[in-house]
Amino acid sequence: LKSFTTPAIGVATNSLTSAAPAGAARIETATVAIKPRRIRMPMAVPRFTRALLINPPTGLYIREDRCQAPLKGMAATTARPPLDLAYMAAVLEGQGVECRLRDYPVQGGSWPELTKELTDFQPDFLFISVTSFTIHDDLVACQLAKELLGAGIRTVAKGAHVAVKAREVLAECPHLDVAIS
C-alpha cells in the first residue's frame with residue numbers, strides 16, 4: 001500500500017482518459033476540493049457499487065449552476081430536470097455502478113423519504129446538488145447520510161455555491177467529503 005497526506009484543504013486537478021477506441025469521448029479536467037486526511041492507496045482502486053444522486057428536499061429551486069432561483073412566484077418557469085445529475089449517473093452506470101436519481105422537491109419528497117431511501121438502498125456515494133439559497137439545508141442530507149450509514153459513505157456536493165466557495169463549504173461542513181468546483 002502506498003500512502004500520502006493531502007494538503008490542509010487542497011485542490012486536486014485530474015485529467016482522466018479511458019482506454020476507449022480512437023474518436024471516443026474523453027473525460028476532461030475536473031477540479032475538486034478535498035478534505036485533509038491520510039490516505040492509504042491500495043494497488044487496485046476499490047470499486048463502489050451504488051450511488052444516490054439527489055436534489056435534496058429543501059424547496060423548489062432552479063438548481064442549474066448558471067441560473068439559481070426559487071420557482072415560487074415565477075409565472076412562466078417550471079421545474080427543470082436535473083440534467084447535471086443525470087449526466088453523472090450515466091457516466092457512473094457506464095462503469096457498472098447502480099444509480100438512483102431523485103428530485104425530491106419536484107416529486108414532493110420529504111426528509112423521512114430520503115431517510116428511508118438511504119437506509120434501504122445503502123449507497124456508497126451520495127451526490128447532492130446545492131444552491132446558494134439552500135446550501136445549509138441541502139448539506140443536512142450529507143449529515144443524515146453519515147449518521148445513518150457511517151463514515152463509509154462518501155458525500156459529494158456540486159453547484160454554483162460550492163464551485164466558488166469549495167474550501168469554505170468543506171471547512172464548515174464536517175459531513176461533506178468532496179466539493180466539485
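**Entry 1. The chain as a whole**

The model is a predicted one, in which local features need pLDDT of at least 70 and side-chain atom pairs count only at pLDDT 80 or more, while totals for chains, interfaces and linings use all residues. Residues are numbered from 1 along each chain as its sequence is written, and side-chain values use heavy atoms, with hydrogens and water left out.

I found 6 helices and 11 strands in the protein chain (DSSP runs numbered from the N terminus, helices being H or I of at least four residues and strands E of at least two). I then looked up contacts (heavy atoms within 4.5 Å): among those between residues at least 6 apart in sequence, 68% join residues at least 24 apart.

**Entry 2. Strand β9**

I examined strand β9, residues 125–129, and found 5 of its 5 residues buried, so the strand is largely enclosed by the rest of the structure. In a regular strand the side chains alternate between the two faces of the sheet. I checked each side of β9: Phe125, Phe127 and Ser129 are buried on one, and Leu126 and Ile128 on the other.

I next looked up pairing (at least two bridges found by DSSP between two strands). Strand β5, residues 50–55, runs parallel to β9 and is joined to it by 4 bridges; alanine 51 has phenylalanine 125 of β9 as its bridge partner. With strand β10, residues 154–158, β9 pairs in the parallel sense over 5 bridges.

**Entry 3. Isoleucine 128**

I selected isoleucine 128, which lies in β9 and stands opposite alanine 157 in β10. Isoleucine 128 counts as buried because its relative accessibility is 0%. Leaving aside residues up to four places away in sequence, I recorded its contacts, among them Ile54, Pro56, Leu139, Cys142 and Val156. Lysine 158 is 30 residues from isoleucine 128 in sequence, yet their C-alpha atoms are 6.4 Å apart.

**Entry 4. Helices α3 and α5**

I looked up the axes of α3 (residues 111–121) and α5 (residues 140–149), which come within 10 Å and cross at roughly 40°. Axes are lines fitted to C-alpha atoms, for helices over the stretch in contact, with angles from 0 to 180 degrees between N-to-C directions. The two helices are therefore oblique to each other (under 35 degrees is roughly parallel, over 145 roughly antiparallel, 65 to 115 roughly perpendicular, and the rest oblique). I noted residues of α3 including Trp111, Leu114 and Leu118 meeting residues of α5 including Val140, Leu144 and Leu148.

Note on methods. Buried < 20%, exposed > 50% of the residue type's maximum accessible area, 1.4 Å probe, protein only.
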